[in-house]
Amino acid sequence: MLWAGVEAFSAAGPGSGWQRLLFAVAVTAPLIVRRSAPVAVVAALIGVLLVRVLLLRGLEESTFPFPSLLVGTFSVALYARRRWHAVAAGTATVAAMLATFPLGYYGGPVSIGQVCILGFFVAGAWSAGWLVRWRLAQLTAARSDSARQAGRAAERAAKQERDRIAREIHDVVAHSLSIIAVQAGAAEALIDVSPDAAREHIGAARRTAREALGEMRHVLEVTRDGESTDGRLLPQPTLERVPDLVEEVRAAGLPVTLTVEGERGAIPAGLDLAAFRIVQEALTNARRHAGGAPTSVRIGYDDTGIDLEVSNQVSNQVPGTTAAGPPAGGSGLVGMRERARVYGGSVTTGVTGEAFTVTVRLPRSAP
């Protein structure tokens with residue numbers, strides 16, 4: 001705008017100096033709002049040009065309006081809210097600039113070359129704005145797509161976390177409630193005959209309930225943002241706690257033997273927890289579906305992985321239980337397979353001789 005004003009006062013005509021200055025301001029000032037109102041800016045520039053041609057006869061010797069019209073044409077193609085507005089404004093600019101030929105704005109005769117050059121510059125400015133608009137639309141769509149993908153990934157992660165919590169709570173509740181039910185039943189049967197023995201069963205049920213509550217609190221607290229509310233959470237169980245687990249099950253009436261082979265060595269915490277939960281679930285299934293059948297647990301450590309085997313006799317199963325193990329439709333075996341799959345392991349089940357066996361192989365390092 002400042003340069004246009006300098007040109008207006010330094011030129012000889014047409015019109016007075018103040019008329020030229022007014023024209024210079026009128027064809028440059030609207031560009032200030034070209035981003036927010038591009039169509040209005042183009043309309044204002046065209047109107048100013050036509051008023052100048054009609055009121056001030058003679059060749060323009062000061063401010064040349066075409067650069068402003070080119071900037072306005074570029075802006076309307078880029079910033080117009082609707083595409084047809086951009087097309088209409090660009091067409092109007094070409095038409096207005098061509099209309100100045102018969103009105104005597106240009107000196108000399110009109111030639112095809114002049115028209116082509118004029119159309120080339122206007123079309124080039126409009127095309128440049130349109131290409132930038134198209135590219136920005138692509139970038140916006142790409143960012144939106146990335147945001148949607150990030151949202152879906154967050155939803156998947158949240159679902160996986162909820163599933164993990166559900167598996168943890170299922171394992172804790174299923175095992176603990178089965179033990180508590182047996183201990184409570186035994187206490188009820190012995191309370192009149194042997195109060196001391198009944199109290200021992202009640203105490204065992206109480207300890208099991210307390211441990212189950214502690215584990216469930218741990219599972220829920222560690223999934224929250226920030227630190228625990230009480231700071232006294234019990235550590236997550238590992239394979240080193242399997243002997244205590246076997247004692248609990250044995251006290252509940254299931255004859256269980258435990259065999260440990262090999263050197264434990266270093267085991268990742270997540271793998272250690274998964275292995276414990278698999279043994280816990282297998283013993284819960286044996287207690288629930290195999291009655292009082294003798295059950296054995298074997299843990300084998302080697303350099304590359306961990307072998308787990310839980311086997312119960314099928315010949316002593318309670319009536320209504322098939323030789324193939326737990327009834328179909330339960331979530332116990334599915335949960336075991338899912339835990340093993342997370343760490344690249346495998347689970348096989350089936351009847352071998354007179355025993356139903358769950359065999360698990362867990363590699364020490366994830367694949």
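**Ground rules.** I number residues from 1 along each chain as its sequence is written. Because the model is predicted, I take local features at pLDDT of at least 70 and side-chain atom pairs at pLDDT 80 or more, while totals for chains, interfaces and linings use all residues, and side-chain values use heavy atoms, without hydrogens and water.

**Confidence.** I started with pLDDT (the predictor's confidence in each residue, from 0 to 100). The chain average is 77, and 73% of the residues score at least 70. Residues 225-233 fall below 50, with 9 contacts beyond near neighbours in sequence; a contact means heavy atoms within 4.5 Å. Residues 316-330 also stay under 50, and there the model has 22 contacts beyond four places in sequence.

**Aromatic pairs.** I found 2 of them. Rings of Phe, Tyr and Trp (its six-membered ring) pair if their centres lie within 6.5 Å; planes under 30 degrees apart are stacked, over 60 edge-to-face, and the rest tilted. F120 and F121 pair edge-to-face, at 5.6 Å centre to centre and 75 degrees between the planes. The rings of W126 and W130 are stacked, because their centres are 5.1 Å apart and their planes lie at 10 degrees. W126 and W130 are 4 residues apart in helix α6 (residues 112-190), which means about one helical turn between them. Helices (H or I, at least four residues) and strands (E, at least two) are DSSP runs, numbered from the N terminus.

**Salt bridges.** I looked at some of the 9 in the structure; each is a side-chain nitrogen of Lys or Arg within 4 Å of a carboxyl oxygen of Asp or Glu. R250 meets E247 at 2.5 Å, N to O. D272 meets R264 at 2.3 Å, N to O, and both residues are buried. Here buried is under 20% relative accessible area, exposed over 50%, and partly exposed in between (1.4 Å probe, protein chains only). D307 bridges to R361, with the closest N and O atoms 3.1 Å apart. That pair links distant parts of the chain, 54 residues apart: D307 sits in strand β3 (residues 305-313) and R361 in strand β5 (residues 355-363). Shared partners join E240, R264 and D272 into one network of salt bridges.

**Surface.** Last, I noted V51, L54 and L55, which form a nonpolar surface patch with about 310 Å² of accessible area together. L54 lies in helix α3 (residues 38-55).

Methods
Patches are made of residues with over 30% relative accessible area and no salt bridge: like charges are joined within 9 Å, nonpolar side chains (Val, Leu, Ile, Met, Phe, Trp, Tyr) within 5 Å. Accessible areas come from the Shrake-Rupley method with a 1.4 Å probe; for residues, only the protein chains shown count as cover.
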